[in-house]
Amino acid sequence: MNEPVGFAVGAGLRSGHEVLSLCPTCLTTIPGRVLSTAAGVVMKKTCAEHGAFETLIATDLAAYERMRRSPRLVKLPARFGTPEAKGCPDDCGLCPAHDQHTCLAIVEITTRCNLPCPVCLADATAKGPELSLVQVLAALQLLLEAEGGPVPLQFAGGEPTLHPELLDIVRGARALGFAKMEIDSNGLLLARDARLAPALREAGLTGVYLQFDGLAAGESEFIRGRDLRAEKQAAIANCRDAGLQVVLAVTVVPGVNDQALWPLIRYAVDERLTGINFQSVVLSGRYPPELLQTKRRFTATHFMRAIEAQSGGLLVATDFLPMSCPDPRCGLLAYIVVDRDGGLLPLSRLVGDERLRRHVADLSDWDQLLRELGCAEGCDCGDARAKLAAALEGGEFFSIGFHGMMDALSFDQERARRCCVHKLTAEGKLMPFCLYNIKYRHEA
Ligand SMILES: [Zn+2]
């Protein structure tokens, strides 16, 4: 399934399109080209000093182009943080070349972690600095000024539950007006201390983005260093009891867990969780060296193929909508109605891509969606409103996402300029999360 296959090349695309990328060795900005080959869609580039680089960025041209040409909804921030001088990506913070506001701000409140995972984007260790409550609230104040109002927040790390002032940070953020707040957590402390989840909910936290890489022991052992399944199960139970929304965050490692994605979706649905989000391992931070040697990649188009095959066609590629706020190559989303019996019905089949796309920009606006709901043009689903109402009676929404992260090999400046998932630094700078991981994390 991960082996790229041949495809028909569309008119004018054989020569590909130009990109601005980075040399993976010296991180200098260099030109590159995306083009279709027998192996799939690849990005090729050459650094004058460090030679030629090539990496797979999609399985096939048709799927890549469907994503690339998908419509965007752009809203600029109220204020840019840094002047434009050397050009993107060297002025980041955000500079006026940026082409989207912040949809999610990631605040890494500590660099410490209680797990030494072999795969770690943040390269976190047992000891390291963290931000104080005062520093976090000052950065959030600058975020409010940049955005002109609150946006969804993710407190991350390291492991954010290790921060001794986490509850005060959440309370302080709520007092500043932030309403949607989650932690990106491995769940170990949430499992061990049943009082933590209710305390976080009481402080104002709304959700937990819970790392969860597989249902088999080997998947957890390879990616996280040991079998964590019992702890994850306990963390889920504690969060659910406390009224915290749980979204599973799956790091997909080709050859380790990419053949077992559908069981994870079924598991999350059966556990009545809010959603599941997959992201591919990238060559940033800490990663097993064999990933670099095998050059195996798991991209957004691999993901759609995998789900289609593993679900036996229950979900198909066109059920996944390229995200409209970042570059559409960066994210896929499917909203599913889960009926009382656990049956799954993709919302796009009921309401049409266009209507769904407008509402995905504001993920909470379901009432408006239901008011506007009617059959999509040319839809053959029967009465969409009646079907949806029937499914929703005792049923729930469930989201399945894929975040196509970039590393230095696959970096595309256009995608970075359109990013809406931003790391908020202690100085109040906002940086596309992938770009921060590639270029700025180790400068800090
Ligand atoms: Zn170089």
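The following questions and answers concern a predicted model of a protein chain.

Me: How many helices and strands does the secondary structure of the protein chain come to?
Reply: The chain has 444 residues, of which 47% count as buried. Among its contacts with a separation of 6 or more, 70% join residues 24 or more positions apart. Its secondary structure comes to 16 helices and 16 strands.

Me: What is the bridge partner of His17 in E2?
Reply: E1 and strand E2 (residues 29-37) run antiparallel and are joined by 6 bridges. In E2, the residue bridged to His17 is Val34.

Me: Where is Leu27, a residue with positive phi, and is Leu27 buried or partly exposed?
Reply: Leu27 is not a glycine, yet its phi is near 60 degrees. Its place is in the loop between E1 and E2. A residue needs 20 or more C-beta neighbours within 10 Å to be buried. Leu27 has 16 inside 10 Å and therefore counts as partly exposed.

Me: Are H2 and H3 roughly parallel or roughly antiparallel to each other?
Reply: The axes of helix H2 (residues 133-147) and helix H3 (residues 166-175) come within 10 Å and cross at roughly 25 degrees. Angles under 35 degrees count as roughly parallel. H2 and H3 are therefore roughly parallel.

Me: How do the residues of the contact of H2 with H3 divide into nonpolar, polar and charged?
Reply: H2 passes H3 in a right-handed crossing. From H2 come Leu133, Val136, Leu137 and Leu140, which meet Asp168, Ile169, Gly172 and Ala173 of H3. The division is 6 nonpolar, 1 polar and 1 charged.

Me: Which residues of H5 and H7 make the contact between these helices?
Reply: The axes of helix H5 (residues 196-203) and helix H7 (residues 229-242) come within 8 Å and cross at roughly 40 degrees. The crossing of H5 past H7 is right-handed. H5 contributes Ala197, Pro198 and Arg201, and H7 contributes Asn238, Cys239 and Ala242.

Me: Which residues of E8 lie on each of its covered faces?
Reply: Strand E8 (residues 207-211) is mostly covered, with 5 of its 5 residues buried. Both faces of E8 are covered. One side carries Gly207, Tyr209 and Gln211, and the other carries Val208 and Leu210.

Me: In E9, what is the bridge partner of Gly207?
Reply: E8 pairs in the parallel sense with strand E7 (residues 181-185) over 4 bridges, and Glu182 stands opposite Gly207 there. E8 also pairs in the parallel sense with strand E9 (residues 245-252), over 5 bridges. In E9, the partner of Gly207 is Gln245.

Me: Why is helix H16 largely enclosed by the rest of the structure, and what covers its buried residues?
Reply: Helix H16 (residues 433-440) is largely enclosed because 7 of its 8 residues are buried. The buried residues are Phe433, Cys434, Leu435, Tyr436, Asn437, Ile438 and Lys439. Their cover includes E1, strand E5 (104-108), helix H15 (413-417), strand E15 (421-424) and strand E16 (430-432).

Me: What is omega for the cis peptide bond from Gly93 to Leu94?
Reply: Most peptide bonds are trans. The bond from Cys88 to Pro89 is cis, with omega near 10 degrees, and Pro89 lies in the loop between helix H1 (61-68) and E5. Leu94 is found in the loop between H1 and E5. For the cis bond from Gly93 to Leu94, omega is near -10 degrees.

Me: Is Arg272 buried or partly exposed?
Reply: Arg272 is found in the loop between helix H8 (261-270) and strand E10 (275-280). Although Arg272 is not a glycine, it has a positive phi of about 60 degrees. With 13 other C-beta atoms within 10 Å, Arg272 is partly exposed.

Terms used:
Residues are numbered from 1 along each chain as its sequence is written. This is a predicted model: local features need pLDDT of at least 70, side-chain atom pairs count only at pLDDT 80 or more; totals for chains, interfaces and linings use all residues. Axes are lines fitted to C-alpha atoms, for helices over the stretch in contact, and angles run from 0 to 180 degrees between N-to-C directions. Helices (H or I, at least four residues) and strands (E, at least two) are DSSP runs, numbered from the N terminus. Angles under 35 degrees count as roughly parallel, over 145 as roughly antiparallel, 65 to 115 as roughly perpendicular and the rest as oblique. A crossing is left-handed if the near helix is turned anticlockwise from the far one by less than a right angle, and right-handed if clockwise. Two residues are in contact if their C-beta atoms, placed from the backbone, lie within 7 Å. Ala, Val, Leu, Ile, Met, Phe, Trp, Tyr, Cys and Pro count as nonpolar, Asp, Glu, Lys and Arg as charged, and the others, Gly among them, as polar. A residue is buried if 20 or more other C-beta atoms lie within 10 Å of its own, exposed if 12 or fewer, and partly exposed in between; C-beta atoms are placed from the backbone. Two strands pair if DSSP finds at least two bridges between them.
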